[in-house]
Amino acid sequence: MLKLAVYGKGGIGKSTMTSNLSAAFALLGKKVIQIGCDPKADSTMTLLSGTPVTSVMDYLRGHDALPEDLSIITKRGFGHVLCIETGGPTPGIGCAGRGIITTFQLLNDLSLFDEEKPDVVLYDVLGDVVCGGFAAPIREGYAEHILIVTSGEKMALYAARNIVSAVSQFEDRSYASIAGILFNARNVPNEREKIKAFSTETGLPVLAEIPRSDVINTCEDRGMTVLEGAPDSAVATLFTDLAARLLTLPPKERLRKGPAEHRFQEGFLQ
Amino acid sequence: MRNAAAFLPSYASDTSGVASALYELGGMTVVHDASGCNSTYSTFDEPRWYDHPSFVFISGLTEMDAIFGQDERVIEDIVLAAKRLKPLFISICTSPMPVLLGSDIPAIATIIETRTGIPTFAIRTNGMNSYLAGASRAWEAIVRRFAEKEEKHGKPSANILGLTPLDFGMTGVGHSIGAWLEHEGFSVNATLAMGNNDSLSSVRALSKAHVNLVVSGCAMASAELLQERFGIPYVVGLPVGAFSETLSKALKRAVRHCESSPLSVDGLLEEKEDGTVIIGEGVFAASLAKALPGTSPASIHVPLEPLGLLNASDERLGLEDETKTEKAMAHAGLVIADPLYKRVAKRGTPFLSLPHPAFSGRMYARHVPVLTDKDLNAWIREALPC
Ligand SMILES: Nc1ncnc2c1ncn2[C@@H]1O[C@H](COP(=O)(O)OP(=O)(O)OP(=O)(O)O)[C@@H](O)[C@H]1O
Ligand SMILES: [Mg+2]
């Protein structure tokens, strides 16, 4: 199973990259789950042509009890991708990070992975890892590889750098490691050079360069990924290409050897 | 009101269950919790504290630890203590606070194991479940980590799984059950985990046994794991009164056919006018109900996780709140329960006190009987006020 988490600065294109990748994996014949880990609950919109899934937090807000089965908090999107949104509290109150942890626990309790047996799981996460909850998707047992989305803009690179240093602090925890950079172009001056410098500085490969593309915007307006709305476009090919290469990522080397059950107890997040 | 209690205490929590289950196994148990709570886990809920040393600690979680996520402080403290005390393993469990904070305890355990070389594992607790859940997960973790495949030989042997003072007090019940097993033709291989100088070596050798006798719900998860790993069948029940015979047969059948049997509650849930009502831990209550003399068995209520019982999802079994508890005892001809339940029983209801340390703590600890040794008829006659 390929398990990816997508991080990056706010508004940089994480959900766009994630959804297009999900669609690309699906068209490659893979069984895909996409989990949006953002209180805005807008990660899977372009997979669901405008009819969103009930977010887990919205469900919990309205009901006193946990949902009995997965169907209430999941929805099939384009390419049969199973879409889930954690959602979150009303901005300004509550604890969004805790919401992510609760959602993950719930998904465990409902045996999401055993039931669905996906080939690929994608977590679309907030750019700013502000508390433990936002690192939950990269804990052992969840994502194994991190993709960092960035443009050549100063603040996007700043956020990317923060993510790299946060992840390096988790090294001894056996968390996910960074597979590389998704360069989502904003057409700022010397953009490619800046990304190259960042890549050299961090030792992270640039896995793909996605150009600023009107196709992405027009498809988004129609509630679609480019793989659905413009399958023959050049940018769709870029996502298909990237997806195919990601499928060859080797499983992450874990710190401690031996049977996984010694290290990770299923359903530990509570 | 759901879960409301004005007169009844709550059962010992899952964190106490972890500390109790692992107390004699030579490890170190750390409850990630605020300072001051250790007396709950290791004195109020732990009678062995006074004469049997063990390494039970709390982490002393502070507000700043919470804000800054200072896991490193906890890690360093545990590493330091472990280097000094050299425990055979380290287990870490959590109070409600780290649970709400979402602290990654398995990751902390990984770091500690890497730094100390001592087997370290996280045990999932939240301070909200009962001791059964904690003890159950603790033993499951221990078995998962340390039980090894061993050859069986000689006459049929059995493990006794599920002994803690939280269920049985300090009564020597292990010896009594052991003697009964010997009498029934089984040698005792090992016990989890009280009173028999149990150490990690007996955990390692658990798989030598032909069958597991599960005497409390605390041991269900470990029994299931031993079955899955080593094909050892289990039988659930406590050898009391007339039920001992049934249990002995079940043990022999289990060895012969390699078949496990949880304890059925069929016939134990119907309320009978003037009948006997037993309230307590599931394995204990069901065993006693089946053991009592007389034609119609008692009915039982289990105000805890009904581990080890078959068809336990029946809603008549549980007691979520005091109102339901009161109702459960309203038409009883005799109630057998911890003496604290008397507080919500109707005045004049015949009541047979059976102290349960996980419920009433040390209050009646001296009066915990060893029912496995007793002639139940005589015991009831003696214990009931005329
Ligand atoms: N390569 C691109 N070409 C054109 N438009 C793009 C491109 N990448 C992203 N966008 C647009 O930028 C906007 C923000 O993208 P998206 O929602 O994917 O960002 P995000 O990182 O998920 O944001 P947030 O942090 O708010 O979740 C969208 O309207 C999207 O269509
Ligand atoms: Mg987004």
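Chain B averages a pLDDT of 88, and 97% of its residues score at least 70; pLDDT is the predictor's confidence in each residue, from 0 to 100. This is a predicted model, in which local features need pLDDT of at least 70 and side-chain atom pairs count only at pLDDT 80 or more, while totals for chains, interfaces and linings use all residues. Residues are numbered from 1 along each chain as its sequence is written, chains are lettered from A and ligands numbered from 1 in the order in which they are written, and side-chain values use heavy atoms, with hydrogens and water left out. The model scores ipTM 0.74 and pTM 0.84. Within chain B, confidence is lowest in helix 2 (residues 38-44), at a mean of 74, and highest in strand 7 (residues 211-214), at 97.

Turning to the overall build, chain B holds 16 helices and 14 strands; helices (H or I, at least four residues) and strands (E, at least two) are DSSP runs, numbered from the N terminus. The radius of gyration of chain B is 21 Å, close to the 21 Å that the globule rule gives for 386 residues, so chain B is as compact as a globular protein of that length. Here the radius is taken over C-alpha atoms, and the rule is 2.2 Å times the number of residues to the power 0.38. The C-alpha trace of chain B spans about 60 × 55 × 35 Å along its principal axes. Of the 386 residues in chain B, 58% are buried, where buried means under 20% relative accessible area, exposed over 50% and partly exposed in between (1.4 Å probe, protein chains only). Among contacts (heavy atoms within 4.5 Å) in chain B between residues at least 6 apart in sequence, 72% join residues at least 24 apart.

Just after helix 9, B:Gly185 takes a positive phi of about 95°.

In chain A, A:Ala179 is found in strand 7 (residues 177-184). A:Ala179 is buried, with a relative accessible area of 16%. Leaving aside neighbours within four places in sequence, A:Ala179 is in contact with A:His145, A:Ile146, A:Leu147, A:Pro205, A:Leu207 and A:Leu249. A:Thr90 lies 89 residues from A:Ala179 in sequence and 33 Å from A:Ala179 in space, C-alpha to C-alpha.
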